[in-house]
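Hello,

Here is the structure we talked about handing over.

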Amino acid sequence: MAEDVFKALADPTRRRILDELVERDGQTLFEICTRLVTKHGLTLSRQAISQHLAVLESAGLVLSRRRGRYKFHDLNTEPLERIATRWLRPETPEGTP
């Protein structure tokens, strides 16, 4: 699972998509494409962005939900939290092993 997260984060376009979802969660594909064009000058097709979202979803970093005809994308930070806590240990008082 961690390998999928690192693979998903390796691409700068996917990191920008995550940045946009941090700024405003629950966006449709159209909204994400519009924000990437206006804020970052990325002129990728909707199909290309959709493929990037699929990689993020398979890594568990993005969750999608349908409401009527629309599909909304939400950021899921749980996989990142699991990776971070893997190497971070709570501080133990001195003298305690």
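Helix H4 is where Gln51 is found. This is a predicted model.

The length of H4 is as it should be: at 1.5 Å a residue its 13 residues should span 18 Å, and its end C-alpha atoms are 18 Å apart. The buried residues in H4 are Ile49, His52, Leu53 and Leu56. These cover an arc of only 100° around the axis, which puts them on the same side of H4. Gln47 and Ser58 are exposed, on the face of H4 turned away from that buried side. The packing partners of the buried residues are H1, H2, H3, S1 and S2. Just after H4 comes Gly60, with a positive phi of about 85°.

Helix H2 covers residues 12–23. From first C-alpha to last, its 12 residues reach 17 Å, close to the 16 Å expected. Thr13, Arg14, Ile17, Leu18, Glu20 and Leu21 are the buried residues of H2. Their arc around the axis is only 160°, which places them on the same side of H2. Val22 and Glu23, on the other side of H2, are exposed. The buried residues pack against helices H1 (2–9), H3 (29–40) and H4 (46–58), and against strands S1 (62–67) and S2 (70–75). At the start of H2, the backbone nitrogen of Thr13 has a side-chain oxygen of Asp11 within 2.8 Å.

Is Glu20 buried or exposed? At 2% relative accessibility, Glu20 counts as buried, since the cut-off is under 20%. Apart from its neighbours within four places in sequence, Glu20 is in contact with Gln27, Arg35, Leu36, Lys39 and His40.

Now the two helices together. Packed helices are described by the angle and the distance between their axes. The axes of H2 and H4 come within 10 Å and cross at roughly 80°. H2 and H4 are therefore roughly perpendicular to each other. On the H2 side the residues that meet H4 are Thr13, Arg14, Ile17 and Leu18; on the H4 side they are Ile49, His52, Leu53, Val55 and Leu56.

Regards

Key. Residues numbered from 1 in each chain as written. Predicted model: local features only at pLDDT ≥ 70, side-chain atom pairs only at ≥ 80, totals over all residues. Heavy atoms only, no water. Helix = DSSP H or I, 4+ residues; strand = E, 2+ residues; numbered from the N terminus. Expected span 1.5 Å × (residues − 1). Buried < 20%, exposed > 50% of the residue type's maximum accessible area, 1.4 Å probe, protein only. Arc of directions from axis to C-beta. Contact = heavy atoms within 4.5 Å. Polar contact = N/O pair within 3.5 Å; in protein donor to acceptor, adjacent residues only side chain to side chain. Axes fitted to C-alpha atoms, helices over the stretch in contact; angles between N-to-C directions. Parallel < 35°, antiparallel > 145°, perpendicular 65-115°, else oblique.
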